[in-house]
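Dear colleague,

I am passing on the structure we spoke about, and I would be grateful if you could look through it with the notes below at hand.

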Amino acid sequence: MKKEKRSRIKILPEDNPALSKEEIRLLLNASRTHENHYLWFRMLYSFGLQLSELVSLRVEDLDWSHHKILIHHSQTLNPRNPSIPYSLRRDLWFISQGKQGEDFLFSGRMGKLRPRTVQKMFSKLEEMTGLPISVFRLRKSLASHLIEAGWDLESIQEQLGLSSQKSLRDLLGQKRRQAPLKIFPLEEINGSAA
């Protein structure tokens with residue numbers, strides 16, 4: 001019996017709107033029922049991580065002298081070295097204690113945390129809150145919230161590991177604006193502007 005090929009449906013940014021800060025707060029509160037879920041959710045949102053990046057983090061990726069984290073385990077995103085927010089420092093320090101530098105920061109039953117485990121967390125959070133959640137949606141939400149907070153586009157692009165501002169526009173779902181035509185005032189007044 002032949003297996004049917006599944007066609008991948010491209011999810012458009014408009015189909016996956018950014019979560020509001022209130023919705024993020026609701027998801028954060030729901031994730032508090034499990035201490036690992038709470039930390040994973042905050043990591044995914046704070047750094048705009050993809051699942052492969054989260055599960056591949058190692059203790060040696062934490063730079064405590066500069067309070068930064070090295071994120072470099074993605075096939076599609078650029079490596080980056082963002083600052084660790086104050087609200088994550090304590091929890092990351094505790095989870096790294098007693099581990100060697102090459103150990104995974106988050107471990108699972110078979111050693112390394114599996115992406116499927118994090119996806120199950122998403123399902124539980126969706127069930128608890130009624131909010132659809134995905135890595136794409138968290139990344140889009142982070143980008144939107146950083147814009148609202150006054151971050152420039154280049155800094156947001158770097159925080160998310162995006163290779164270009166076009167990638168950021170694609171994430172946000174903004175359509176490219178066409179430059180307004182330069183019209184000589186007299187032609188505009190006469191209505192003869194092209």
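This is a predicted model: local features need pLDDT of at least 70, side-chain atom pairs count only at pLDDT 80 or more; totals for chains, interfaces and linings use all residues.

The protein has 9 helices and 4 strands, which along the sequence follow the pattern α-α-α-β-β-α-β-β-α-α-α-α-α. Of its 194 residues, 36% are buried, and the accessible surface comes to about 13,100 Å², with 51% of that belonging to carbon and sulfur atoms. Among contacts between residues at least 6 apart in sequence, 60% join residues at least 24 apart.

The axes of helix α2 (residues 35-47) and helix α5 (residues 115-129) come within 11 Å and cross at roughly 95°; since angles of 65 to 115 degrees count as roughly perpendicular, the two helices are therefore described in that way. On the α2 side the contact is made by H37, W40, F41 and L44, and on the α5 side by T117, V118, M121, F122, K124 and L125. These residues divide into 7 nonpolar, 2 polar and 1 charged.

In helix α4 (residues 86-96), the buried residues are L88, R89, L92 and S96. Seen down the axis of α4, they fall within an arc of 110°, so they line one face of the helix, and what covers them includes α2 and β1 (62-63). The face turned away from this buried side carries the exposed residues S87 and R90. After α4 comes G98, whose phi is positive, near 80°.

Terms used:
Residues are numbered from 1 along each chain as its sequence is written. Side-chain values use heavy atoms; hydrogens and water are left out. Axes are lines fitted to C-alpha atoms, for helices over the stretch in contact, and angles run from 0 to 180 degrees between N-to-C directions. Angles under 35 degrees count as roughly parallel, over 145 as roughly antiparallel, 65 to 115 as roughly perpendicular and the rest as oblique. Contact means heavy atoms within 4.5 Å. Ala, Val, Leu, Ile, Met, Phe, Trp, Tyr, Cys and Pro count as nonpolar, Asp, Glu, Lys and Arg as charged, and the others, Gly among them, as polar. Buried means under 20% relative accessible area, exposed over 50%, partly exposed in between (1.4 Å probe, protein chains only). The arc is that of the directions from the helix axis to the C-beta atoms. Accessible areas come from the Shrake-Rupley method with a 1.4 Å probe; for residues, only the protein chains shown count as cover.
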